[in-house]
Structure formats: C-alpha cells, structure tokens
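Q: Could you take me through this structure feature by feature, giving the general idea before the particular case?

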Amino acid sequence: MARHKGKGWHGRLLAAALGVTVMAAATLVWTAQADPAGGRQPQARVSAPDGRPQDRTVDKVAADIAHASDRGARGLNITIDDGPDPVWTPQVLQLLKDSGVKATFCMVGTQAQAYPDLVKAVVAAGHRLCNHTVSHDTAMDTRSEAYQSQQILDAERMITRASGGIRPQYYRAPGGAFTPYSRQLAASRGMRPLGWNVDSKDFERPGVDTMVATVKREISDGPTVLFHDAGGDRSQTVAALREVLPWLKQQGYSFGFPVR
C-alpha cells in the first residue's frame with residue numbers, strides 16, 4: 001500500500017501529541033494472550049482520567065485489511081481522512097448531505113480532541129468513525145509495539161470522548177503503515193483495519209480535473225476511495241467530490257460502509 005508524501009503538518013501534530021501519549025502510557029495495563037494461530041493477541045485495559053477503570057468490552061473483528069463494501073459488488077466506500085477540520089469538514093459534510101452519500105471519516109486523535117462538535121456532527125449525520133492514530137505518524141510500522149499501542153488506544157479514547165461515546169469502527173494506519181501487531185490490536189478493540197483501493201491524490205492538490213480523472217480511471221480497482229478533509233487547503237477535494245459523486249451514481253454504484 002503506497003504511503004502519502006508531503007505531509008509536513010503531521011510533524012507538528014506528532015510533537016503536540018507526545019505529551020498525550022506519554023501521560024496515557026501510565027494508564028495502559030497490557031496482557032498478551034496466545035492466539036489460536038500462534039501469534040500475539042494484544043489487548044489493553046484503559047483507565048479513566050480519575051483513575052477508575054472503564055468498561056471497554058468490545059467484540060473483536062477480523063484483523064485482515066478490509067477493502068470491500070457492505071453494499072456488495074456495486075457498492076463503494078467514500079473515506080475522508082485526517083480531520084476533523086473547522087474549515088473543510090463542514091463543507092464536506094454539507095456536500096455529502098446534498099448528495100445523499102454516507103462516508104467513513106478517519107480521524108486523527110488530536111484533531112478530534114480539538115473539534116468535538118465536528119466529531120458529533122459527523123456521527124449525527126449518519127457517517128462512521130475510523131481511528132487514524134493520535135498524530136498520523138507514517139512511520140508507525142517502524143515503531144515499537146508500545147508506541148503503536150499508545151497511538152491507537154489514545155486515539156480511540158480521544159475520538160470516543162469527542163463523539164459523546166460513539167466508538168470508531170475501523171482503524172486506518174497513517175500512510176498504510178500497518179503491522180501485524182497494530183492490526184491485531186485494533187481488531188481486538190472492535191476496529192477493523194481499513195485500506196483503500198483508489199487514492200484520489202487530493203493531498204497533493206493536482207487539480208480538480210486530475211483528481212476526478214484518477215477516480216474514474218481507478219474505480220475498477222476496488223470500492224474504497226480515499227479523500228481528505230484536513231492538512232491544508234481542501235477546496236480541490238470539495239470540488240472533486242461535487243463532480244465525482246454524481247458520476248459514480250450514474251455508473252450504477254451505491255454508497256455504503258467498509259465491511260467489518
């Protein structure tokens with residue numbers, strides 16, 4: 001899975017988030033259980049800010065990376081990464097509403113913590129939440145298991161709190177930097193690892209026509225399409241979605257959510 005480049009803004013998020021992850025590390029109590037296949041099955045118990053254990057019992061989901069849509073062979077998954085953002089997320093939400101499309105928002109933990117009203121707006125509109133780690137470190141697959149667990153579990157806590165109690169149902173590694181450990185950990189928390197098939201390249205701002213052409217050309221590669229609502233000027237993303245969503249409907253596609 002290709003990694004995104006040119007995301008310097010996430011370096012600032014990483015620096016800002018270090019304090020969050022270090023403080024939260026003290027609240028994590030780790031156990032390792034034997035997986036029937038012989039691998040590690042990471043789990044965690046998370047404590048509330050006042051030290052009281054939280055009941056976070058969840059149903060485990062599959063740990064392989066999902067791409068398929070719950071709408072079947074002609075279903076598509078629109079995924080929106082890196083937000084929420086106070087400028088662009090409301091515009092994306094309005095466009096999705098006008099188009100009658102539901103999407104999956106892969107949120108960065110520090111962004112969710114900063115803009116809880118936007119997280120709640122996403123949920124209220126019927127969209128789903130995805131954990132995109134605390135600070136969007138695209139080198140996640142080179143980091144220690146302790147670091148990976150902090151990034152994933154802290155973000156889960158931050159997003160859930162910001163949403164008013166709605167948990168993320170998916171986990172997308174920044175830049176596709178999954179590891180077997182991170183996939184198993186996310187799955188043990190009820191978050192299906194989520195990939196993508198079509199990268200609109202909107203993060204590079206190549207122009208609306210180029211982005212639309214990319215989606216049209218690559219949609220046969222699979223149903224999960226990647227866009228962004230944060231990390232810079234996303235006006236091209238909004239314009240491209242405005243063009244491409246009606247076109248996809250005209251081709252007979254319907255819009256759903258990734259399988260879990």
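Predicted model: local features only at pLDDT ≥ 70, side-chain atom pairs only at ≥ 80, totals over all residues.

Q: Which strands pair with strand S3, and in what sense?

A: Two strands pair if DSSP finds at least two bridges between them. Strand S3 (residues 75-81) is joined by 5 bridges to strand S9 (residues 224-228), and the two run parallel; in this pairing Asp81 stands opposite His228. S3 also pairs in the parallel sense with strand S10 (residues 254-255) over 2 bridges, where Ser254 is the bridge partner of Gly75. With strand S4 (residues 103-107), S3 pairs in the parallel sense over 4 bridges, and here Ile78 stands opposite Ala103. The chain crosses from S3 through H2 to S4 in a right-handed β-α-β crossover, a hand assigned if, with the strands pointing away from the viewer, the path from the first strand over the helix to the second runs clockwise.

Q: Why is S3 described as largely enclosed, and which residues of S4 lie on each side?

A: In S3, 7 of the 7 residues are buried, so the strand is largely enclosed by the rest of the structure. Gly75, Asn77, Thr79 and Asp81 point one way from S3, whereas Leu76, Ile78 and Ile80 point the other way, and all are buried. S4 is mostly covered, with 5 of its 5 residues buried: Ala103, Phe105 and Met107 are on one side, and Thr104 and Cys106 are on the other. S4 is in turn joined by 4 bridges to strand S5 (residues 128-131), the two running parallel, with Cys106 opposite Cys130.

Q: How is the packing of two helices described, and at what angle do H2 and H4 pack?

A: Two packed helices are described by the angle between their axes and the distance between the axes. The axes are lines fitted to C-alpha atoms, for helices over the stretch in contact, and angles run from 0 to 180 degrees between N-to-C directions. Helix H2 (residues 88-99) and helix H4 (residues 116-124) pack at about 10 degrees, with their axes 11 Å apart. H2 and H4 are therefore roughly parallel to each other, since angles under 35 degrees count as roughly parallel, over 145 as roughly antiparallel, 65 to 115 as roughly perpendicular and the rest as oblique. Thr89, Pro90 and Leu93 of H2 make the contact with Leu118, Ala121 and Val122 of H4.

Q: Which residues of helix H6 are buried?

A: Helix H6 (residues 180-188) has 7 of its 9 residues buried, so it is largely enclosed by the rest of the structure; the buried residues are Tyr181, Ser182, Gln184, Leu185, Ala186, Ala187 and Ser188. Just after H6, Gly190 takes a positive phi of about 80 degrees.

Q: Where is Leu241 found, and what is Leu241 in contact with?

A: Leu241 lies in helix H8 (residues 235-250) and is buried, with a relative accessible area of 0%. Leaving aside neighbours within four places in sequence, Leu241 is in contact with Ile80, Val92, Leu95, Phe227 and Pro246. Leu241 and Leu95 are 146 residues apart in sequence and 7.8 Å apart in space, C-alpha to C-alpha.

Methods
Residues numbered from 1 in each chain as written. Heavy atoms only, no water. Contact = heavy atoms within 4.5 Å. Buried < 20%, exposed > 50% of the residue type's maximum accessible area, 1.4 Å probe, protein only.
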